[in-house]
Amino acid sequence: MNKLSIRMQIILSTTVSLILLALITTNISVSQSKEALIKNSFSQLTTVRDMKKHFIESFFSERVGDINVLSRSENLYNIVNDLLYVHEELKVKATDRYPVENEITKEATAKHEEFFQGYMKDYGYYDVFIICAKHGHVLYSTAKESDYGANITHGSLKDSGLAEAYRLALKNERLLL
């Protein structure tokens, strides 16, 4: 076996040391880069989450403002009184549907229709409901779909989202009538 010269041994050990040093440095760099990328990704996700949270809070704050504007409206006050009068006049039972096809009901809502249709369109809503707090009758609906006139405490809609919103409004005492 030939013995390597000292010069060759030094060159070989330096080369091996440099290769080891490069591998260690590369491993550390990759590890730190990976951590930095993960940290950056979490930071971006947190920023997006906070932006979405703010958007959702703003959205619902605006909806509460819309509802407050409507609740102070003379048109709402008048239609509620008119519809409660019809309720009494027609002696609607607590478990019955509200008689939306009755001429007295149609007369009571007709004079308010333009305001509520405009409100719905101006504020971008699909529907606006007026629900009797005492009995759960859907007294008015701008969209006039199958829920119009329904009783959401006794009828087929008692487990619907509208009924749940009604129950929450009762619970939180957020009612007009």
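# Cores, helix packing and loops of a predicted model

Author: In the largest nonpolar core, which has 19 residues, those that touch the most other members are Leu76, Ile79, Leu83, Tyr98, Phe116, Ile130 and Tyr140. At least two residues of this core come from each of helix 2 (74-89), helix 3 and strand 2 (138-141). Helix 2 gives the largest share, five residues. A second, separate core has six residues, including Ile152, Leu162, Ala163 and Tyr166. The model is predicted, so local features need pLDDT of at least 70 and side-chain atom pairs count only at pLDDT 80 or more, while totals for chains, interfaces and linings use all residues. Residues are numbered from 1 along each chain as its sequence is written, and side-chain values use heavy atoms, with hydrogens and water left out.

Reader: What makes a set of residues a nonpolar core?

Author: Its members are buried Ala, Val, Leu, Ile, Met, Phe, Trp, Tyr and Cys residues, joined through side-chain atoms within 4.5 Å. Buried means under 20% relative accessible area, exposed means over 50%, and partly exposed lies in between (1.4 Å probe, protein chains only). The helices and strands named here are DSSP runs (H or I, at least four residues, for helices; E, at least two, for strands), numbered from the N terminus.

Reader: Which residues does Phe116 touch, not counting residues up to four places away in sequence?

Author: Phe116 touches Leu70, Asn75, Leu76, Ile79, Val128, Ile130, Tyr140 and Thr142. Contact here means heavy atoms within 4.5 Å.

Reader: Why is helix 2 called roughly antiparallel to helix 3?

Author: The axes of these two helices cross at roughly 170 degrees and come within 9 Å. Axes are lines fitted to C-alpha atoms, for helices over the stretch in contact, and angles run from 0 to 180 degrees between N-to-C directions. Angles under 35 degrees count as roughly parallel, over 145 as roughly antiparallel, 65 to 115 as roughly perpendicular and the rest as oblique. Helix 2 is therefore roughly antiparallel to helix 3. Their contact involves, among others, Leu76, Ile79 and Leu83 of helix 2 and Ile104, Phe115 and Phe116 of helix 3. By class, it has eight nonpolar, five polar and three charged residues.

Reader: How do you know whether Thr142 is buried or exposed?

Author: Its relative accessibility is 5%, so Thr142 counts as buried. Thr142 lies in the loop between strand 2 and helix 4 (161-171). Thr142 and Gln117 are 25 residues apart in sequence, and their C-alpha atoms are 6.1 Å apart in space.

Key
Nonpolar A, V, L, I, M, F, W, Y, C, P; charged D, E, K, R; others polar.
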